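Before reading on, take some time to look over the chain from end to end. The questions below go from the whole fold to single residues.

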Amino acid sequence: QVQLVESGGGIVHSGGSLKLSCTTSGSDLSFYTMGWYRQAPEMERELVATISARNRTNYANSVKGRFTISRDNAKNTVSLQMNSLKPEDTAIYYCNNIDTGAWGQGTLVTVSS
């Protein structure tokens, strides 16, 4: 299965911003519905945002107005811009090709209070 690669995680203070990116060399992501998920310690993995091949987006209520999912087909990349970060956003963030089921290895986001 084609491997997705995430980048952009890190440590940021509450109220700060981070931008996550997801890419692969194994397929053209523009054809697929892509999603970002996250998993906090001792919590189940939850859907954060999705973007369809036609760029229709959907967000979890907890991130609406703060996070923006987008794609750059020229760079074969799907991104998640995260603003106004809160400590409860701390989690490992995963990129997912919803159509094929492929996952990335995850990137850790830590928001300090």
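## From the whole chain to single residues

The secondary structure of the protein chain comes to ten strands and zero helices, and the model shown here is a predicted one.

Q: What is the radius of gyration of the protein chain, next to what the globule rule gives for 113 residues?
A: The globule rule gives 13 Å for 113 residues, and the value for the protein chain is close to that, so the chain is as compact as a globular protein of that length. Its C-alpha atoms fill a box of roughly 40 × 25 × 25 Å, taken along the principal axes. The radius of gyration of the protein chain is 13 Å.

Q: What percentage of the contacts with a separation of 6 or more comes from residues 24 or more positions apart?
A: Contact here means heavy atoms within 4.5 Å. Among the contacts in the protein chain with a separation of 6 or more, the share of residues 24 or more positions apart is 55%.

Q: Which are the edge strands of the open sheet of six strands?
A: The order of this open sheet is 2-10-9-4-5-6, and its pairing is mixed. An edge strand pairs on one side only, and this holds for strand 2 (10-13) and strand 6 (57-59). From one strand to the next, the twist averages 25 degrees. The edge strands are strand 2 and strand 6.

Q: In strand 10, which residue is the bridge partner of Y93?
A: Strand 9 (residues 91-97) and strand 10 (residues 107-112) pair over three bridges, in the antiparallel sense. The bridge partner of Y93 in strand 10 is T107.

Q: Why is strand 8 (residues 77-82) largely enclosed by the rest of the structure?
A: Strand 8 pairs with strand 3 (residues 18-23) in the antiparallel sense over six bridges, and K19 stands opposite Q81 there. Strand 7 (residues 67-72) also pairs with strand 8 in the antiparallel sense over six bridges, with L80 as the bridge partner of I69. A residue counts as buried when its relative accessible area is under 20%. Strand 8 is largely enclosed because, of its six residues, the number that are buried is five.

Q: Is N76 buried or exposed?
A: N76 lies in the loop between strand 7 and strand 8, a hairpin with four residues between the strands. Phi of N76 is near 55 degrees, which is a positive value in a residue other than glycine. The relative accessibility of N76 is 14%, and the cut-off lies at 20%, so N76 counts as buried.

Q: Is E42 buried or exposed?
A: E42 is found in the loop between strand 4 (34-39) and strand 5 (46-51). Phi of E42 is near 65 degrees, again a positive value in a residue other than glycine. The relative accessible area of E42 is 84%, and exposed means over 50%, so E42 is exposed.

Q: What percentage of the 113 residues of the protein chain counts as buried?
A: The accessible surface of the protein chain comes to about 6,100 Å², and 48% of it belongs to carbon and sulfur atoms. Turning from surface to residues, the share of the 113 residues that counts as buried is 42%.

Terms used
Residues numbered from 1 in each chain as written. Predicted model: local features only at pLDDT ≥ 70, side-chain atom pairs only at ≥ 80, totals over all residues. Heavy atoms only, no water. Buried < 20%, exposed > 50% of the residue type's maximum accessible area, 1.4 Å probe, protein only. Helix = DSSP H or I, 4+ residues; strand = E, 2+ residues; numbered from the N terminus. Pairing = 2+ DSSP bridges. Axes fitted to C-alpha atoms, helices over the stretch in contact; angles between N-to-C directions. Rg over C-alpha atoms; globule rule 2.2 N^0.38 Å. Areas by Shrake-Rupley, 256 points an atom, 1.4 Å probe, with all protein chains shown as cover.
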